[in-house]
Amino acid sequence: MLKVNQKFYPPQRVLEMAKVKDFEALYKKSISDPEGFWSDVAKELFWFQDFDKVLEWNFPRAKWFLNGKTNISYNCLDRNLDAGLGEKIAYIVLDEDGNEEKITFGELHRAVSSFAKSLLSLGVKKGDRVCIYMPSSIEAIIAMLASARIGAVHSVVFAGFSAQALRTRIQDASAKVVITSSQIKRRGKNIDTLSTVLEAIKGLDFVEHIIVSGECPQNFISFESLLSSSLADASLMDSEDPLFILYTSGTTGKPKGIVHTTGGYMTAVYLSTKLTFDLGSDDVYFCTADVGWITGHSYVVYGPLLNGITSIIAKGAPDYPSIRRWFEIIERYRVNVFYTAPTAIRMFMRYGNEFLKGIDLSSLRVIGTVGEPINPEAWLWYYKNVGLERCAVVDTWWQTETGSHMITTIPSYPAKPGMAGKPYFGIEVKIVDEEGKELPPNTPGYLVINKPWPSMLRDCFNEPERYNQYFNSIPGNVYFSGDIAVCDEEGYIMILGRADDVLKIAGHRIGTMEVESALVSHPSVAESAVVGKPHDIKGEVIKAFVLLRQGYLPSEELSNELKNHVREVLGPIAVIEEIEFVDKLPKTRSGKIMRRVLRAIERGQDVGDTSTLED
């Protein structure tokens with residue numbers, strides 16, 4: 001097994017600003033009295049009517065903050081205005097050409113309240129579904145918050161999806177309204193999004209209105225025209241009223257519509273944004289996720305706004321028009337907290353570190369990662385070259401289904417490269433076998449969560465049996481994450497990959513992440529993906545797909561060198577049978593490597609749902 005022995009202690013400048021000085025003490029309190037802990041957090045937010053019970057748990061169904069009435073849009077906007085933040089910048093949005101757009105909390109409040117009133121006048125009611133097919137933008141955020149303000153359930157669909165993928169999601173949610181942009185710009189090219197929407201809604205009679213931001217044809221409703229209405233008050237929402245549906249692709253079949261509700265999601269996202277990133281009132285925060293993903297929902301929109309923080313959104317691609325783009329933004333706006341994906345970090349690694357020369361990154365204090373496990377090598381590159389060895393690196397493990405962070409290393413706690421860290425406040429996890437029996441340290445097994453948490457999924461839209469699968473896959477009344485992980489003697493957890501990505505080599509179980517990390521630790525390798533390939537004698541052998549760093553060329557000699565390197569790092573069970581050098585790996589649009597696609601191609605099988613595939 002890949003052992004991580006290095007430990008990095010937080011720099012003094014990080015400790016001075018830390019909101020949590022003693023992680024162990026607060027964690028113990030959150031586990032010994034979870035209802036008291038979450039009640040205290042929820043009371044930091046605004047409720048029109050107080051809840052009378054914190055939790056009702058009838059496995060596998062949970063209800064949080066029962067009979068409490070609140071509104072997340074009110075908490076993101078009106079509450080901040082009451083705190084005197086009306087003139088504070090909520091968002092700075094930058095396009096690929098460097099054009100800047102700013103909006104204050106006061107301006108955002110007016111735009112959202114006005115748009116919400118317009119939605120009401122179009123006949124949108126509480127519980128109606130509103131599909132939002134837009135790039136990360138102020139307009140997308142207005143549409144989300146306006147829906148939440150009147151109790152409509154938003155379903156944001158990433159604006160790079162095809163017409164068929166969009167149609168599936170509109171159809172499943174029976175969306176009454178679709179909100180889109182006329183076009184988006186990426187890598188200098190204009191992409192027509194309206195025509196994708198028109199193709200997607202053909203024959204769908206339940207779609208009553210198309211709202212278009214930008215150039216709007218006559219027979220549709222202009223987004224901008226809906227911003228001049230009178231203002232809508234925030235509706236009283238029950239804590240358990242649905243807030244949004246977000247579709248996550250399964251390995252087979254159609255995507256699952258994960259349902260999140262109002263009070264619990266709001267409370268957990270508010271706390272995790274504040275404590276995971278140690279955000280102070282004057283901090284500038286930059287999360288690179290698209291609003292079409294759960295990270296965009298929780299840590300671009302709701303979390304930062306609930307904490308009254310100034311956020312940066314960078315439209316377009318990370319490396320266009322220059323590989324330096326994101327880092328020049330950090331320098332220009334004196335960003336304090338930066339949150340991105342391992343796939344982006346590994347992409348930057350391919351270019352070495354010369355491209356960062358001359359950029360001032362000294363404002364950074366906390367740098368985070370999200371989306372998939374980060375290899376120790378990528379962690380160290382990030383720590384040294386972006387964090388300049390003076391930042392806390394915060395890795396975060398969580399899912400669309402969990403709503404907020406589940407395992408992380410908070411800034412004031414020592415970090416181990418490649419390990420996500422420890423369970424978050426109020427979260428209890430275990431590593432178990434197929435029977436649900438807890439495994440000893442350093443033994444790979446299934447990662448389960450054994451108590452409910454406020455931001456947990458409440459359903460799969462119109463498919464309760466798919467919801468139940470999360471809870472009946474492993475015995476013991478637990479939530480099964482679908483991930484394989486390992487926990488060391490100190491309680492640090494490393495995510496090894498999806499359960500269906502685990503390799504069984506000559507009777508041994510080995511995680512894809514372990515082999516990939518061993519490959520990436522070789523100086524020639526930028527990225528890799530490994531899959532199991534059927535073998536008559538051994539049952540399964542390892543095949544690796546390798547993307548080389550600049551300056552290296554594929555060769556049989558290098559292939560043999562990499563095979564020996566992995567064997568040295570992981571031991572004799574990690575024998576790579578075949579290495580294929582590639583220019584690209586199949587990834588989802590949020591940057592996760594789709595190993596199952598590689599595995600299916602290798603085995604001549606159907607690749608299943610590929611609606612989230614980037615290319």
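The following questions and answers cover a strand pair and some salt bridges in a predicted model. Local features need pLDDT of at least 70 and side-chain atom pairs count only at pLDDT 80 or more, while totals for chains, interfaces and linings use all residues. Residues are numbered from 1 along each chain as its sequence is written, and side-chain values use heavy atoms, with hydrogens and water left out.

Student: In which sense do strand S4 and strand S5 pair?
Tutor: Strands (E, at least two residues) and helices (H or I, at least four) are DSSP runs, numbered from the N terminus. Two strands pair if DSSP finds at least two bridges between them. S4 (residues 89-94) and S5 (residues 100-104) have five bridges, and the sense is antiparallel.

Student: Which residue in S5 does Val93 stand opposite?
Tutor: The hairpin of S4 and S5 has five residues between the strands, and Gly98 takes a positive phi near 85 degrees there. The residue opposite Val93 is Glu101.

Student: Are Arg149 and Asp78 buried or exposed?
Tutor: Arg149 forms a salt bridge (a side-chain nitrogen of Lys or Arg within 4 Å of a carboxyl oxygen of Asp or Glu) with Asp78, the closest N and O atoms being 3.0 Å apart. Arg149 lies in helix H7 (residues 138-150) and Asp78 in helix H5 (residues 78-82), 71 residues apart. Buried means under 20% relative accessible area, exposed over 50%, and partly exposed in between (1.4 Å probe, protein chains only). Both residues are buried.

Student: How many salt bridges does the count come to?
Tutor: Among them is the pair of Glu578 and Lys533, with closest N and O atoms 2.8 Å apart. Lys533 and Glu578 are also linked in a network with Lys543, Glu580 and Glu602. The count comes to 33.
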